[in-house]
Amino acid sequence: MDCTAIWPLISYYYDGEVTPEESALVEQHLAGCEDCRRVLAEYRMIGSEMRDLALPVPPAGLHRDVAPAVGGQGAIPERAPAR
């Protein structure tokens, strides 16, 4: 199988979303193709870097401000201030 047929599968392979047959095809191709092994290594590097990123913290009041803009779906009623 040539690289252009494998390239779309490499991402799915990395994510574990291929069938056993597709996995075998990718692995067989990777065994003999340095370029595609490099592509898979890049996916792994990008995935690792993304996992290392800090999760953003939404600003205070985001839900309160956005819920009315989308029609109040799932809006949480305002609470009375604590005494």
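Helix α1 has 13 residues and spans 18 Å from its first C-alpha to its last, close to the 18 Å expected at 1.5 Å a residue. The model is predicted. Helix α1 carries a kink of about 35 degrees, centred on L9. L9 is also one of the buried residues of α1, along with I6, I10 and Y13. An α-helix has 3.6 residues a turn, so residues three or four places apart point the same way. The buried residues of α1 pack against α2 (20–32) and α3. After α1 comes G16, with a positive phi near 75 degrees.

**The chain as a whole**

The chain holds four helices and zero strands. Along the sequence the pattern reads α-α-α-α. Of the 83 residues in the chain, 17% are buried. Among contacts with a separation of 6 or more, 45% link residues 24 or more positions apart. The accessible surface of the chain is about 6,800 Å², and 59% of this surface belongs to carbon and sulfur atoms.

**The aromatic pair**

How many aromatic pairs does a search of the whole structure find? It finds one. The partners are Y14 and Y43, which are stacked, with 6.3 Å centre to centre and 20 degrees between the planes. The angle counts as stacked because it is under 30 degrees. Y14 lies in helix α1 (residues 3–15) and Y43 in helix α3 (residues 34–52), so the pair ties together parts that are 29 residues apart in sequence. Y14 is partly exposed, at 27% relative accessible area. Y43 is also partly exposed, at 30%.

**The cysteines**

The structure contains zero disulfides. C3 is in no disulfide, and its nearest cysteine sulfur, that of C33, is 3.5 Å away. A disulfide needs the two sulfur atoms within 2.5 Å. Is C33 buried or exposed? C33 is buried, with a relative accessible area of 9%. C3, by contrast, is partly exposed at 22%.

**Accessibility of the paired tyrosines and the cysteines**

| Residue | Relative accessible area | Class |
|---|---|---|
| Y14 | 27% | partly exposed |
| Y43 | 30% | partly exposed |
| C3 | 22% | partly exposed |
| C33 | 9% | buried |

The cut-off for buried is under 20% relative accessible area, so C3 at 22% counts as partly exposed.

Conventions: Residues are numbered from 1 along each chain as its sequence is written. This is a predicted model: local features need pLDDT of at least 70, side-chain atom pairs count only at pLDDT 80 or more; totals for chains, interfaces and linings use all residues. Side-chain values use heavy atoms; hydrogens and water are left out. Rings of Phe, Tyr and Trp (its six-membered ring) pair if their centres lie within 6.5 Å; planes under 30 degrees apart count as stacked, over 60 as edge-to-face and the rest as tilted. Helices (H or I, at least four residues) and strands (E, at least two) are DSSP runs, numbered from the N terminus. Buried means under 20% relative accessible area, exposed over 50%, partly exposed in between (1.4 Å probe, protein chains only). The expected span of a helix is 1.5 Å times one less than its number of residues. The bend at a residue is the angle between axes fitted to the seven residues ending there and the seven starting there. Contact means heavy atoms within 4.5 Å. Accessible areas come from the Shrake-Rupley method with a 1.4 Å probe; for residues, only the protein chains shown count as cover.
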